[in-house]
Amino acid sequence: MLRCDAATGVPSSLGRLEEFAVLHAVHAAGVAVPEPLFACADPAVVGKPFFVMRRVAGSAAGRPITLDPALEAARPALAGRLGRELARLQRVRPPRADLTFLPPYGGPAAAIAELRACLDRYPNPRPVLEWALHWAETHLPEPLPPVLAHRDFRTGNYLVDGGRLTAILDWEFAGWGDPDEDIGWFCCKGWRFGRLDREAGGIADRAHFYRGYESESGRRLDPARIHFWEVYANIRWAVIAMQQSDRFLIGGARNLSTAITGRRATECELELLMLLDPVNAAAYA
Amino acid sequence: MRDLPTSLDLLALARELLLDELAPLLPPERQRDAHLVATAMAIAMREEEAGEAWQEDIGRLLHGLYPSAARRPETLLRAFAADLRNGAFETSPSLERAARAILWRLTIGKLREANPQFLIANGFSEVNDKRAVAVGSEREQ
């Protein structure tokens with residue numbers, strides 16, 4: 001499989017050569033990923049830098065993974081396996097001579113400040129996001145030692161073949177981060193693909209995913225920290241959705257799929273209201 | 001002045017044609033594109049049908065929070081967002097309730113146009129206007 005840069009990208013994504021280095025590091029750590037084979041920086045070869053990884057069997061399509069009745073019995077074990085894989089990838093920790101291009105992690109406060117800076121670039125006000133950011137700023141968890149975070153660890157970004165995990169994909173957002181960041185992202189409602197009741201990626205209860213993670217990492221998860229990172233995940237997903245529509249609004253990309261994604265920011269805002277104002281959620285439902 | 005059928009009717013017919021007759025002719029890898037086009041058309045139709053009423057309601061609620069400010073809704077919304085950023089409503093329970101009512105109604109109003117199915121999937125009925133208005137009004141007091 002060959003991966004090269006898209007014509008227009010999301011600002012925070014890694015270049016392909018950097019993604020190759022991350023893939024190399026997590027493959028060496030024993031994480032289930034496609035084996036990275038070689039990278040090429042010379043744009044004369046295919047027009048832009050690229051890398052090649054070994055092809056892995058399976059499908060990443062979200063809805064079949066969450067909805068296919070044939071996978072029903074396999075889903076709890078799949079969630080547990082994903083928890084264990086996540087714990088394994090978090091064994092990659094700074095400092096790393098091969099990953100010096102990853103910026104240092106400033107903790108939850110810096111992560112929130114980064115989202116606020118993104119929001120400040122938009123001319124139209126987003127009151128729900130401002131409110132949620134204020135909540136996050138006033139409910140910061142204690143920083144934990146940073147680990148490698150995938151930053152898009154979710155259903156839709158891993159391959160399943162016959163109900164079994166075969167590879168975790170799409171490492172372009174990886175960076176140093178909080179150990180709970182990927183857990184909040186994985187459980188974020190935006191990635192449940194038609195099974196909102198299964199809070200671990202639309203495939204199982206959180207308990208299956210958490211148990212897998214805890215057994216591999218030896219770290220007990222704290223629901224209050226996960227709640228914070230789930231709020232963060234929804235704010236971040238809203239900002240990314242807005243950045244996707246920017247590919248059209250600013251970048252001029254004539255692509256309906258990315259242009260329409262901006263509308264999904266409001267789905268995150270509803271979820272933020274449900275997470276942070278559950279009493280009124282019942283009143284409006 | 002405009003001729004009939006209305007643009008809404010034409011859009012509805014075009015969407016039916018796309019989904020019922022054209023999409024089945026497309027290869028599997030283009031099916032998602034056809035549904036994206038249908039989604040864009042549906043959003044345009046719902047926005048046209050909804051008109052400005054719910055936004056005017058939000059404007060009135062905002063004006064309740066900022067009675068002495070200029071009446072332009074965009075200006076009020078910007079002031080509201082800035083105050084939320086600073087936690088300005090947290091010092092008064094009644095103001096906080098009024099602010100949250102606006103957040104809920106703004107979000108539900110947008111989703112009714114962008115993705116009403118998402119509201120339903122999250123347990124929100126499509127016909128909760130009365131309840132929303134009642135809760136919103138109560139919080140303005």
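View 1. Residues 24 or more positions apart supply 74% of the chain A contacts with a separation of 6 or more (contact: heavy atoms within 4.5 Å). This is a predicted model, in which local features need pLDDT of at least 70, side-chain atom pairs count only at pLDDT 80 or more, and totals for chains, interfaces and linings use all residues. Residues are numbered from 1 along each chain as its sequence is written, chains are lettered from A and ligands numbered from 1 in written order, and side-chain values use heavy atoms, without hydrogens and water.

**View 2. Overall fold of chain A.** Chain A holds 12 helices and seven strands (DSSP runs numbered from the N terminus: helices H or I, at least four residues; strands E, at least two). Its C-alpha trace spans about 55 × 45 × 40 Å along the principal axes. Of the 285 residues, 57% are buried (under 20% relative accessible area, 1.4 Å probe, protein chains only).

**View 3. Helix H4 of chain A.** H4 covers residues 75-89. Its 15 residues should span 21 Å at 1.5 Å a residue, and the end C-alpha atoms are 21 Å apart, which agrees (expected span: 1.5 Å times one less than the number of residues).

**View 4. The covered residues of H4(A).** In H4(A), 11 of 15 residues are buried. Among them are Leu78(A), Leu82(A), Glu85(A) and Leu89(A). An α-helix has 3.6 residues a turn, so residues three or four places apart point the same way.

**View 5. Packing partners of H4(A).** The buried residues of H4(A) pack against helices H3 (62-67), H7 (181-187) and H8 (206-217) of chain A. They also pack against strands S4 (147-149), S5 (158-161) and S6 (164-168).

Key: Buried means under 20% relative accessible area, exposed over 50%, partly exposed in between (1.4 Å probe, protein chains only).
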